[in-house]
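Here is my notebook on a two-part look at one model. Come along and keep the structure open beside you.

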Amino acid sequence: MKSFFIPKKIVVPATADSLPRIREFITKVGKRYRLSKHEINAFKISIDEACTNIIKHGYQDNSGNIKLRVSIGVDQMIVELIDQGKSFDPNLVCEANVQDYVSSGKKGGLGIFIMRKFLDAIDYEVTSIGNILRLTKQRQQVARNRDQQHFSATFKKFKSRLFFNNYNSQMICCGEFLLLT
Amino acid sequence: MELEVFKKNDVAILKISGDVDLYSSPQVRNKILALLAKTQKNLLVNLKDVSYMDSSGVATLVEALQLTNKRGGKLRLYHLGPAIRDVFELSRLDKVFDICETESQALNGIIAE
């Protein structure tokens, strides 16, 4: 994965009233990294659904936290959700049939169905630090081109202002500069 | 999130404003159930000011659709913004719901109880 960023993170209580804060965080990070409205919305709803599952099925009535780590690169976006609740792998949930869902009144499974539609990969693992749910979405070509142009323009602007003795130091400083813009 | 109920030609219109998620969708459900309990057979839902809706919000509307269908009534959604439309299209629920662009389209053919 090509990347020029430092992951962002947030820790929130695993309660329903944390969901607006999580969405606000994703929106801010998305805008900061110039994601399209569609990309931000896709991530907001996928993360919201994943957090809802952690709150409802992972922690149930117990208290705990959810930690989010966001990484946004030129090619893809990854969000990791870490919790210490009961393990709940969304990949084990069967594909919902929307027609059956509506006709039979069956509840549940719609959130995971929506996540699968919006995302390119959903990975789950149980580790010593907790359950890690990794959500990946490939970036749209338009957004990737826009990011690459922004990266080139910012790099040129930065290079014109400062002089470095070698190429490696330019790359490191440029990466840091982008985080400050 | 805010909920307002209007009547036009004696048809109930529920206007939802704000985010509909796990936290707020029970309020929407209670309001819809109360409206349908008051012998309302048909219900229009204005989603113009809904900026975000998760699966719990969608499930609430699915339940409302089932209830109106059972009563031989109609549930129509209108004024969906791009973010909400995305959710309905990707989940293919846009084929299940009666989605209109405007209020007058939504009211068209609806007979007040």
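The entries below go from the chain contact to a pocket and then to a cavity.

**Ground rules.** I worked on a predicted model, where local features need pLDDT of at least 70, side-chain atom pairs count only at pLDDT 80 or more, and totals for chains, interfaces and linings use all residues. Residues are numbered from 1 along each chain as its sequence is written, chains are lettered from A and ligands numbered from 1 in the order in which they are written, and side-chain values use heavy atoms, with hydrogens and water left out.

**Entry 1: the contact.** I looked up who touches whom, with contact meaning heavy atoms within 4.5 Å. Chain A brings 26 residues and chain B brings 23. The two chains bury about 2100 Å², 64% of it on carbon and sulfur atoms; buried area is the accessible area (1.4 Å probe) lost by two parts on being put together, summed over both. On the chain B side, B:Leu22, B:Tyr52 and B:Leu90 lose the most area to chain A, together 29% of what that side buries.

**Entry 2: charges across the contact.** I asked how many salt bridges cross the interface of chain B and chain A. The rule (a side-chain nitrogen of Lys or Arg within 4 Å of a carboxyl oxygen of Asp or Glu) finds 2. A:Arg23 forms a salt bridge with B:Asp21, with the closest N and O atoms 2.9 Å apart.

**Entry 3: the second largest pocket.** On a 1 Å grid over the protein atoms alone, a pocket is an open set of points with protein on both sides within 12 Å along at least five of seven lines, a cavity is a set where a 1.4 Å probe fits but cannot get out, and lining residues have an atom within 4 Å of a point. I noted a volume of about 320 Å³ for the second largest pocket, volume being the space filled by probe spheres set on the points, which are joined across faces, edges and corners. Of its 13 lining residues, the closest to the centre are A:Lys37, A:His38, A:Asn41, A:Lys44 and B:Ala83. Helix 2 of chain A gives the most to this lining, 5 residues; helices (H or I, at least four residues) and strands (E, at least two) are DSSP runs, numbered from the N terminus.

Entry 4: I found 3 cavities of 30 Å³ or more.
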